[in-house]
Amino acid sequence: MISRSSTTDTDEPLAEINVTPLVDVMLVLVVILLVIAPLLTRTIRIDLPKVTASASESRTHSVTVSLDADGRIFFDGSEIALEQLEPALRRRALQDKRTTVNLRSDKNESFGAVADVLARIGHAGIEHVAVVTAHTSKPSE
């Protein structure tokens, strides 16, 4: 049998939300986060190999961007402001779609500065970036 309520109030729908299942799901997600978070902070130590590299080929469609130890940026040998780098690269990329950027950086330059320059190179539409390193005469054995 179906039981009916004997109240003769208005026939309004129930406007209550049962939050118990929502709280249960959120607690499970918090527990999963607490278990997974320590695993995400582990780092892997990698000892990169040292090799001798041949000099890069000189190309007519390459541009050299250099960062010195003082944080100055050079675009094909002439100093340029960081804000002007992206428009200059964009103009060069529009002239030649095969434009390659050779990025040279002082070894004491912070990674944040190099990453900022790399981001600006990418925003300018340059697809090929070569990182220039120092040439060693013989590999260490």
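What follows is a short exchange about the fold of a predicted model.

Biologist: How many helices and strands does the protein have, and in what order do the elements run?

Modeller: The secondary structure comes to 3 helices and 5 strands. Read from the N terminus, the order is α-β-β-β-α-β-α-β.

Biologist: What is the strand order in the sheet, and which strands are at the edges?

Modeller: The sheet is open, has 5 strands and shows mixed pairing. Its order is S3-S2-S1-S4-S5. An edge strand pairs on one side only. That describes strand S3 (78–80) and strand S5 (128–131).

Biologist: By what angle are neighbouring strands of this sheet turned against each other?

Modeller: The value is an average, with direction ignored. It comes to 30°.

Biologist: Do S1 and S4 run parallel or antiparallel, and how many bridges join them?

Modeller: Strands of a sheet pair through backbone hydrogen bonds, either parallel or antiparallel. Here S1 covers residues 62–67 and S4 covers residues 100–105.

Biologist: What about S1 and S2: parallel or antiparallel?

Modeller: These two strands pair over 3 bridges. They form a hairpin with 5 residues between the strands. Their sense is antiparallel.

Biologist: Which residue in that hairpin takes a positive phi?

Modeller: The phi in question is near 90°. The residue is glycine 71.

Biologist: Which residues stand opposite serine 66?

Modeller: Look at S4 and S2 in turn. In S4, serine 66 faces arginine 104. In S2, the residue opposite serine 66 is phenylalanine 74.

Biologist: Why is S1 described as largely enclosed?

Modeller: Count its buried residues. S1 is largely enclosed by the rest of the structure because 5 of its 6 residues are buried.

Biologist: Where do helices H2 and H3 lie, and at what angles do they run?

Modeller: H2 (residues 82–95) lies across S1, S2, S3 and S4. H2 runs at about 20° to S2. H3 (residues 111–123) lies across S1, S2, S4 and S5. The angle of H3 to S4 is about 170°.

Biologist: How far does H2 reach from its first C-alpha to its last?

Modeller: H2 has 14 residues. At 1.5 Å a residue, 20 Å is expected. The model comes close to that, at 21 Å.

Biologist: Which residues of H2 are buried?

Modeller: The buried residues of H2 pack against S1, S2, S3, S4 and H3. They are Leu85, Glu86, Ala88, Leu89 and Ala93.

Biologist: Which element supplies the largest share of the largest nonpolar core?

Modeller: This core has 17 residues. Those with the most contacts inside it include Val65, Phe75, Leu89 and Ile126. S1, S2, H2, S4 and H3 each supply at least two residues. The largest share, 4 residues, comes from H2.

Biologist: Which residues does leucine 85 touch?

Modeller: Leucine 85 is also listed among the core residues with the most contacts. Leave out residues up to four places away in sequence. Leucine 85 then touches Val65, Ile73, Phe75, Ile80 and Val117.

Biologist: What share of the protein counts as buried?

Modeller: The accessible surface comes to about 12,100 Å². Carbon and sulfur atoms hold 57% of that surface. Of the 141 residues, the buried share is 19%.

Biologist: Among contacts between residues at least 6 apart in sequence, what share join residues at least 24 apart?

Modeller: Contact here means heavy atoms within 4.5 Å. On that basis the share is 67%.

Terms used:
Residues are numbered from 1 along each chain as its sequence is written. This is a predicted model: local features need pLDDT of at least 70, side-chain atom pairs count only at pLDDT 80 or more; totals for chains, interfaces and linings use all residues. Side-chain values use heavy atoms; hydrogens and water are left out. Two strands pair if DSSP finds at least two bridges between them. Axes are lines fitted to C-alpha atoms, for helices over the stretch in contact, and angles run from 0 to 180 degrees between N-to-C directions. Buried means under 20% relative accessible area, exposed over 50%, partly exposed in between (1.4 Å probe, protein chains only). Accessible areas come from the Shrake-Rupley method with a 1.4 Å probe; for residues, only the protein chains shown count as cover. A nonpolar core is a set of buried Ala, Val, Leu, Ile, Met, Phe, Trp, Tyr and Cys residues joined through side-chain atoms within 4.5 Å. The expected span of a helix is 1.5 Å times one less than its number of residues.
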